[in-house]
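Me: I am new to this structure and would like to go through it piece by piece. Could you show it to me before I start asking?

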Amino acid sequence: MRDIILKALGELNIPVYQIEISEERSAELFFIKKTLDMRRIKSAVHCAVTVYRDFEADGETFRGSSQAQIFEGMGLDEVKARIKGAYFAAQFVKNPFYELYEGRKEAPVAMPSTLADRPLEENAMLMAKALFAADTDADAFINSAEFFAIENRVSLFTSAGTDVAYSRYLVKGEFVTQCKEPQDVEQFFQFAYADLNTEALTEKARRAIAAVRDRAAAQKSPQAGTYSVVLSGDQVPTLLEYYGERAHASMVYAHYSDWTVGKQVQGEDVQGERLDLDLLPMTPYSEDGIPMVPRPLLKDGELKLIYGPNRFCRYLGIEPTGNYQRLGLRNGTVALKDLRKGCLCPVSFSDFQMDAFTGHFGGEIRLAYLYTDEGVKILTGGSINGSLPEKQGNLLFSTERYDTLTYTGPYAVKIEGVEVAG
């Protein structure tokens with residue numbers, strides 16, 4: 001496909017371009033309860049050709065861009081028609097001019113992963129075995145599950161000299177837990193890992209089954225009021241997205257964020273833990289071909305980096321770093337059993353969200369535990385609503401850790417003074 005695309009670009013006299021070719025193989029397993037219902041092996045190639053068009057308007061130079069999707073089996077004429085259409089559309093995109101990232105030809109990179117040591121289907125089966133290892137009771141169980149073991153090979157080359165390639169593995173999926181008594185309840189969960197993280201998946205399944213059992217038994221809602229709240233699991237990286245998004249070059253360029261390097265983004269009066277937050281690469285190169293390396297984002301609550309794709313970094317006059325989708329948090333000082341004393345601990349929501357523009361977080365509670373001196377109350381219903389900029393000076397994190405494809409760090413965080421609607 002590469003040769004056909006380059007020939008089409010040459011015949012169309014398009015001098016500035018970026019091409020990404022992604023070859024993906026996957027083994028997919030679908031279970032009904034513990035019975036394998038279907039297995040599938042897939043292979044596909046995706047080609048994305050971005051063309052750039054320079055033009056002037058009102059005395060200003062612009063670099064418009066548009067993308068064409070190219071598929072296996074297309075002939076030269078069809079490829080040319082797709083690219084020609086994208087090039088025509090690019091003249092209507094009035095992005096201020098910027099230079100492409102100037103890379104070079106590099107040897108292909110194989111990202112290290114324990115998933116690379118065995119066939120894809122074996123990876124999927126091992127993860128299925130890990131999930132169902134937690135499914136040991138009759139009253140609460142996993143009623144369905146899907147597993148996807150994936151090998152992805154990506155090639156990226158541009159007119160500015162970048163010519164890189166890499167391969168990576170991941171396993172992801174979803175499952176539904178169910179408890180029929182005293183009321184029939186189902187809950188949905190997802191997972192994704194870059195390694196054969198069987199222990200983490202077993203623990204996730206164990207917590208999910210316990211949660212659906214308690215949700216089926218829960219009757220009362222929490223009383224409305226102000227609580228110390230402990231968020232855990234996938235809610236923690238969702239909360240931390242606030243810092244990743246506010247430090248993104250596109251947010252700063254558009255003046256949605258006023259953050260600057262050196263700013264104490266937690267404020268000056270921090271009674272809890274000062275954040276040590278890192279940006280971690282999920283691939284060796286960004287979508288622009290920029291080499292991806294671990295970078296500190298926050299140190300003791302101080303912003304160390306504005307980051308983002310080539311275009312917005314060029315606009316700001318800073319080093320292009322590439323987009324990062326994985327966060328690593330070094331904090332964690334309190335054991336979970338001590339962290340949640342006297343706290344409301346929602347463990348599942350209908351939809352927990354963080355608004356990076358305002359810093360508000362919240363969601364409707366499906367299951368929560370209230371830890372009191374008299375014992376633990378199981379609750380359902382109501383919602384939480386809080387402002388991270390207002391509460392971030394009193395954050396405490398668990399010593400227990402949590403790892404997913406997009407996060408590694410403490411399992412739980414305690415936030416003081418969160419409003420709860422009963």
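Me: What does the side chain of glutamine 91 reach at 3.0 Å?

Reply: The side chain of glutamine 91 reaches the backbone oxygen of phenylalanine 88, at 3.0 Å. Please keep in mind that this is a predicted model.

Me: Understood. Where does glutamine 91 lie?

Reply: Glutamine 91 is part of the loop that runs between helix 2 (76-90) and strand 4 (109-110).

Me: And which residues is it in contact with, leaving aside neighbours within four places in sequence?

Reply: With those neighbours set aside, glutamine 91 is in contact with Arg53 and Phe55. As for aspartate 54, its C-alpha atom is separated from that of glutamine 91 by 7.6 Å, with the two residues 37 residues apart along the chain.

Me: Why does glutamine 91 count as partly exposed?

Reply: Its relative accessible area is 27%.

Me: Let us switch to glutamine 178. Where is it, and is it buried or exposed?

Reply: Glutamine 178 sits in strand 6, which covers residues 163-179. Glutamine 178 is buried, because its relative accessible area is 8% and the limit for buried is under 20%.

Me: Which side chains make a polar contact with its side chain?

Reply: One is the side chain of asparagine 143, at 3.0 Å. Another is the side chain of aspartate 184, at 3.1 Å.

Me: What else is glutamine 178 in contact with, leaving aside the neighbours within four places in sequence?

Reply: Besides Asn143 and Asp184, the list holds Asp139, Ala140, Phe141, Val185, Glu186 and Val212. Val212 is also one of the buried residues of helix 4.

Me: Which are the other buried residues of helix 4?

Reply: Apart from Val212, the buried residues of helix 4 are Leu201, Lys204, Ala205, Ala208, Ile209, Ala211, Asp214, Arg215 and Ala216.

Me: What span should helix 4 have, and how far apart are its ends?

Reply: Helix 4 takes in residues 198-217, which is 20 residues.

Me: New topic: what is the volume of the second largest pocket?

Reply: The second largest pocket has a volume of about 370 Å³. Nineteen residues line this pocket, and the closest to its centre are Gln18, Thr50, Tyr52, Glu287 and Asp288.

Me: Which elements give two or more residues to that lining?

Reply: They are strand 1 (17-32), strand 2 (35-57), strand 3 (60-71) and helix 7 (310-316).

Me: And how does the lining split by class?

Reply: The lining has eight nonpolar, seven polar and four charged residues.

Me: Which phi value does asparagine 13 have?

Reply: Asparagine 13 has a positive phi of about 55 degrees, although it is not a glycine. Asparagine 13 is located in the loop between helix 1 (2-11) and strand 1. Because its relative accessibility is 64% and the limit for exposed is over 50%, asparagine 13 counts as exposed.

Me: What about aspartate 300?

Reply: Aspartate 300 also has a positive phi of about 55 degrees and is not a glycine. Its place is the loop between strand 10 (295-299) and strand 11 (302-303), and at 38% relative accessibility aspartate 300 is partly exposed.

Me: Last one: where is threonine 404, and what does it touch?

Reply: Threonine 404 is in strand 19, residues 401-404. Not counting residues up to four places away in sequence, threonine 404 touches Ala192, Tyr193, Asp234 and Arg326. A polar atom of its side chain lies 3.2 Å from the backbone nitrogen of threonine 406. At 14% relative accessibility, threonine 404 counts as buried.

Note on methods. Residues are numbered from 1 along each chain as its sequence is written. This is a predicted model: local features need pLDDT of at least 70, side-chain atom pairs count only at pLDDT 80 or more; totals for chains, interfaces and linings use all residues. Side-chain values use heavy atoms; hydrogens and water are left out. Helices (H or I, at least four residues) and strands (E, at least two) are DSSP runs, numbered from the N terminus. Buried means under 20% relative accessible area, exposed over 50%, partly exposed in between (1.4 Å probe, protein chains only). A polar contact is a pair of N or O atoms within 3.5 Å; within protein, one must be able to donate a hydrogen and the other to accept it, and residues adjacent in sequence count only if both atoms are side-chain atoms. Contact means heavy atoms within 4.5 Å. The expected span of a helix is 1.5 Å times one less than its number of residues. On a 1 Å grid over the protein atoms alone, a cavity is a set of points where a 1.4 Å probe fits but cannot get out, and a pocket is an open set with protein on both sides within 12 Å along at least five of seven lines; lining residues have an atom within 4 Å of a point. Grid points are joined across faces, edges and corners, and a volume is the space filled by probe spheres set on the points. Ala, Val, Leu, Ile, Met, Phe, Trp, Tyr, Cys and Pro count as nonpolar, Asp, Glu, Lys and Arg as charged, and the others, Gly among them, as polar.
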